[in-house]
Amino acid sequence: MIKNITLIFFALLTIYLFYLFIKTDNGREAFLKLRSKKRVVAAFLVICIYFLVGFLDQISFQIDNKNKTIIDLIFRGVPQERTYSAPFANRVTGIIPGTENEERNLVKGTHILGTDINGYDVFYSVIKGSGTALILSFGTGLISFPIGILLGILAGYFGGWVDDLIQWLYTTISSIPWLLFVIAFLMVFGRGIFWICMAIGLTSWVELARLVRGETMKLKNLDYITAARAQGIPVARILYRHILPNLNYLIIITFTLSASSVILAESVLTFIGIGVEPGTSSWGVMLVEAQKELTRSPIIWWVFVGSSFIGILPLVLSLNIFGDALRDALDPRVKGKDV
Amino acid sequence: MSLLRVEDLNVHFHTPTGMAYAVDGISFQINKGKTHALVGESGCGKSVTSLAIMGLLSPAHTKISGKIFLNDKNLLSLQKYEVRSLRGSEVSMIFQEPMTALNPVMKVGDQILEAIAVHPQRSLNMDSGITTEHKKNRVLELLRLTGLNESVFHKYPHELSGGMRQRIMIASALSCKPSLLIADEPTTALDVTTQKQILGLMRDLQLKTQTSILMITHNLGVVAETCHTMSIMYAGKIVESGSVKDVFEVPCHPYTKGLFDALPGIGNHRGKLKAIQGTVPPATEYRKLNDCRFYDRCEFKDERCDTQSNRPGHYSFCGRSSNNRNS
C-alpha cells in the first residue's frame, strides 16, 4: 500500500521531465557535460539516495495491525530506549546517581547516532525525515515557481498596467507577515504536508517574480528580442522560446537556495504547532528539539548533528552543486570552460 | 512603381524633458529591387525611422503620424496583428550589432528556424504538408546562400565571428523572402574586408530576389557602393535627397557637403580632415531651431537662409545651394 501519493507523483513527474529534457539536443549535450564531472555525479547520486529513501518510506505494509513502511522494516531491529543515549554508548545518558550499575541503564541495541529524549534512534528519525523534506522542497517549488516565473515574465515584458497589477499583487502578499498568512491558511484548510506546500508555495513566489521581472525588463530591450519581434514572432513564443531560456540560471539558483529555506520554514511551523501532523518525522521538528537539548549538561549534541549534518547538509549541498552545474551546462556561453 | 512610400512621417516621443521630435516630417520612397540609403550623423532619427516602419516602437510613449505605404497599404492604419504578420514576411530587418542581435542561448540554426516557423508557407513556397525536414532543409539552403558552412547550424552565436553572425542575421532576415529589407548599419561593427563581403552578399541576394533595401548608414563609401537613391537626414528632417549619382556629383546642402568634406581621400595626405562644427542638438530641441535646422552649424549661413529649392529629382532644403555650389 502506498502511504503518500504526493511523493510518488513528484518522483514520476521529475523522471518524465528529465526524459523530455534528455530527448532534446540541448538536453543531451547538457547531460553529457554533467556526466563528465565526478563532483556532479556524486551530488546527483546523493540526491538520488535521498529520493530512494523517501520513496521507500512511502510504501507501507499492514503488519500486526500497524502500517509499516519498508524503512520501518529495515530498522525493525533497532529498539527504543528509555531516554537519551550517546552514539555507540552502552548506557543511557543522565543516569540518576547511585543507579550506575543497574541493568535498566544499559541500552538494548547499538545506535550509531544515539537516541533522542524519548529513546528513539536518531538515525532512524533522520531517514524518516528525508521524505518530508523532499516533498516540502520540491512540492513548494512546483507551486511557487510556475506562478513566480509566469507573473514575473508578464510584468517585466508588458510593463504598463500589467506590471502595476502584478507588482501590486506581490507587494500586497509580501506586506502580509509571512507567518500570519501561513497560519491563517493552515487554519482554514487544515494541517498536512500538502497544505503546508500550498501555503509556503503561495507566498514564496514573490522573490522569484521580482528577480524574473527585473531580468525580463533587461532582456526585452536587447537587440535579439527586438530582432525576434522584427521577424514577426508572436509574443507568447518570444516569452517562451527567447526569454525563458535566458532566465534558466536565475530559476535554478533560486530553486537550490529555496530548497533549504523551505525545510527550515517547516520547522518554524512545527514549532508553533501547525507543521506536519504529529507522528510524522521531519528535520524541522528534530532541529527545534535539538536546539533545546544543546543547552543541557552534559550536552546532547547528536540530535543536532544528526538532523543537520547527516540530514540537511548533504541534501542541500548536493542540490547546490548539482544546480550550479546544471546552470552551467544549460548555458552555452560557458561551454568549454571548466567551472 | 514604388514599393515603400513614406509620407510626412512624424515620430515624437514623450520624455521627462519634453517632447522629443526624433523624426519630424520626412518623406521618401523606394522602388522595387532598389536600394535607398538614409545617411546622417548619430542621433538624426535614422534608426527611429526604421523602427517606425517595422512597427516596433512601443505605443505607450510614442506619437506616430503620417503615412507609410508598403505596396499601397498604409502600415500605420493597420491592426497590430496585421502588422505583426507583415513583419518577417514583407519587411524584415538586419541589425547593427551582430554580437547582440542573436540570442546567446539558442543555436543559430534554431534561430533561423524560428523565423521560418512564423511564415512557413511563404518561406518554403508550399501551401500544406510542411514538415520539420522541409524547414531544416530551407535553413541549410539559406546558410549555403549566405556563404556559410552547413555545420554552422549547430553552433551557438558566441562560437562564430562577427561576419558569420551578420551572415546569419541576413539569412534569417531573408528566410521568408521579404519585399523590403531594412539594414540598420549592417556593416558598422565589422572590419573592412568583412564589410566588403557582407555588402557584396547583400547585393547578390538583392539581384536574385528583387528585394528592396533601406540602407541606414553613416558610411558614404557604403552608399556609393550599394545604393541607388539616397536621403540625407539631419535633426529629424531630410535635408537632401536624390539619386546617389546626383548627390555625389553635386552635393547641394551644406550638411551634405560637410559630410563629404569629412571623408578622408586617397592620396590626399596633407592637412587635417575637415569636420562639421558642433554636434547634433538633442531631439527635444529640434523645434526650437531655425526653419533650417542646420543653420547654427552651417558655414555658409547668411540672411537669405529661408527658402528651399527643388530641382527635378534632386531635392535640397537649402535655398542657397545653387549659388554656393562653386564656393
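**Briefing: chains A and B of a predicted model**

Chain A has a mean pLDDT of 83, with 96% of its residues at 70 or more; pLDDT is the predictor's confidence in each residue, from 0 to 100. This is a predicted model, in which local features need pLDDT of at least 70 and side-chain atom pairs count only at pLDDT 80 or more, while totals for chains, interfaces and linings use all residues. Residues are numbered from 1 along each chain as its sequence is written, and chains are lettered from A and ligands numbered from 1 in the order in which they are written.

**Confidence by element**

- Among the elements of chain A, the lowest mean pLDDT, 75, belongs to helix 1 (residues 5-23), and the highest, 93, to helix 6 (residues 160-175).
- Helices (H or I, at least four residues) and strands (E, at least two) are DSSP runs, numbered from the N terminus.

**Where the chains touch**

- The contact involves 18 residues of chain A and 26 residues of chain B; two residues are in contact if their C-beta atoms, placed from the backbone, lie within 7 Å.
- On the side of chain A that touches chain B, helix 9 (223-230) and helix 10 (235-243) of chain A each supply at least two residues.
- Helix 9 of chain A gives the most to this side, with 6 residues.
- The residues of this side of chain A are 7 nonpolar, 6 polar and 5 charged. Here Ala, Val, Leu, Ile, Met, Phe, Trp, Tyr, Cys and Pro count as nonpolar, Asp, Glu, Lys and Arg as charged, and the others, Gly among them, as polar.

**B:Val105**

- B:Val105 sits in the loop between strand 6 (91-94) and helix 3 (108-118) of chain B.
- Leaving aside neighbours within four places in sequence, B:Val105 is in contact with A:Pro245, A:Asn246, A:Asp331 and A:Pro332.
- B:Val105 counts as buried because 20 other C-beta atoms lie within 10 Å. A residue is buried if 20 or more other C-beta atoms lie within 10 Å of its own, exposed if 12 or fewer, and partly exposed in between, with C-beta atoms placed from the backbone.

**Positive phi angles in chain B**

- Most residues other than glycine have a negative phi.
- B:Asn71 is not a glycine, yet has a positive phi of about 50 degrees. B:Asn71 lies in the loop between strand 4 (62-70) and strand 5 (73-74) of chain B, and is partly exposed, with 15 C-beta neighbours inside 10 Å.
- B:Gln210, also not a glycine, has a positive phi of about 55 degrees. B:Gln210 is in the loop between helix 7 (192-209) and strand 8 (212-217) of chain B, and is partly exposed, with 13 other C-beta atoms within 10 Å.
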